[in-house]
Amino acid sequence: MERRVEGDNIIRINDTVSGHESPMVSVVMVAYNSERYIDEAISGVVGQRCRFGVQLVICDDASTDTTPGKVEKWRMLYPEIIDYHRNPHNLGVQGNYLETLRHCRGKYITMCDADDYWCDSSKLRRQVEYMENHPSCSLCYHRVVNYYEEDGEMSLSNGGGAVEQSAAGLASRNTITNLSVMYRASLYDLAALPSWLGEIRLIDYALHMLFASRGEVHYINRPMGVYRHLPSAIWSQAEAGRRIEMAIAVRKKLIGYFSDRKELCEPLEKSCVNMVANFEKTKGKPAQRRPLLSRIRGAVSRLLPRPRPAGDKTLRRKPECS
């Protein structure tokens, strides 16, 4: 395997991933000052049990903490899987996502931000099997465990989600948690995605809609990842009004992009109207207390162990992908 090193970036040439000319799956992992969480995120990827090539593309957005050193230790142990890049300047969330996607070479693309992780070692195998057997499926996603770091509570997402869904359904309501999605990469040129993706904050929903618009959407009702709700995250920091602005901004871009597809524009427009109406109803009102049953569930969840990363890999163990 030939390699070229340019500064802090490792460029791979004529590389093979786990014995294959090109990977079956590329994993997008964006990182910025993620020293507290990135070990678990990487562990969940290299802990996957599968018989195909996996490329983990990590783009560090000029972190100022120990994130680069942690990633480099993992890369040295798993050079056949980890493709590490460090941006010389901070690109921001959107720019870093787009930069990471440009390095992906897999038939399928998955997402795992550096503060989330996968807790099921069969995740990639299950999703790839479905996509291989259903060529009309453009993306699939699964249930996740929501972990609220402030108080240790947990919950499950999408319990009653429709197994088969259309892009129109996704336009009405986003049911996809980013770390659960798998895209069919051939549907878009990842190096030439719409330029407006760099102008919006909620780039994940935009990507879901772009890929969903070119095929079928499938939901796997099995929790296979842990999504951390962090007080410092973009969505948590934003006040309600700002959240609505971000959600509407991405939908306006999508409405313009899909201007010739009435079946997508109408639910997108309706969702914008509903968000504003719901915001106006609750504006100025004190937050309501959670129902008793919800409070009991929250208390019980704090007593349960948080799911561990898939395979619970440490820096001393090798991957099980082959």
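This note comments on helix packing, salt bridges and one surface patch in the structure above.

1. Basis of the comments. The structure is a predicted model, in which local features need pLDDT of at least 70 and side-chain atom pairs count only at pLDDT 80 or more, while totals for chains, interfaces and linings use all residues. Residues are numbered from 1 along each chain as its sequence is written, and side-chain values use heavy atoms, with hydrogens and water left out.

2. Helices 8 and 9. Helix 8 (residues 240-257) packs against helix 9 (residues 262-282) at an angle of about 165°, the axes being 10 Å apart. Helices here are DSSP runs (H or I, at least four residues) and strands likewise (E, at least two), numbered from the N terminus. Axes are lines fitted to C-alpha atoms, for helices over the stretch in contact, with angles from 0 to 180 degrees between N-to-C directions.

3. Helices 6 and 8. The axes of helix 6 (residues 203-212) and helix 8 cross at roughly 25° and come within 10 Å. Helix 6 and helix 8 are therefore roughly parallel; angles under 35 degrees count as roughly parallel, over 145 as roughly antiparallel, 65 to 115 as roughly perpendicular and the rest as oblique.

4. Asp60 and Arg86. The structure holds 17 salt bridges, each defined as a side-chain nitrogen of Lys or Arg within 4 Å of a carboxyl oxygen of Asp or Glu. One of them joins Asp60 and Arg86 (2.3 Å, N to O). Because Asp60 belongs to strand 4 (residues 54-60) and Arg86 to strand 5 (residues 82-86), this pair ties together parts 26 residues apart in sequence. Asp60 is buried, at 0% relative accessibility; buried means under 20% relative accessible area, exposed over 50%, and partly exposed in between (1.4 Å probe, protein chains only).

5. Arg75 and Glu72. The closest N and O atoms of this salt bridge are 2.7 Å apart. Both residues lie in helix 2 (residues 67-77), three residues apart, about one turn of the helix. Arg75 is buried at 10% relative accessible area, whereas Glu72 is partly exposed at 24%.

6. Surface patch. Leu292, Ile296, Val300 and Leu304 make a nonpolar surface patch of about 370 Å². Patches consist of residues with over 30% relative accessible area and no salt bridge, like charges being joined within 9 Å and nonpolar side chains (Val, Leu, Ile, Met, Phe, Trp, Tyr) within 5 Å. Accessible areas come from the Shrake-Rupley method with a 1.4 Å probe; for residues, only the protein chains shown count as cover. Leu292, in helix 10 (residues 292-303), is exposed, with a relative accessible area of 54%.
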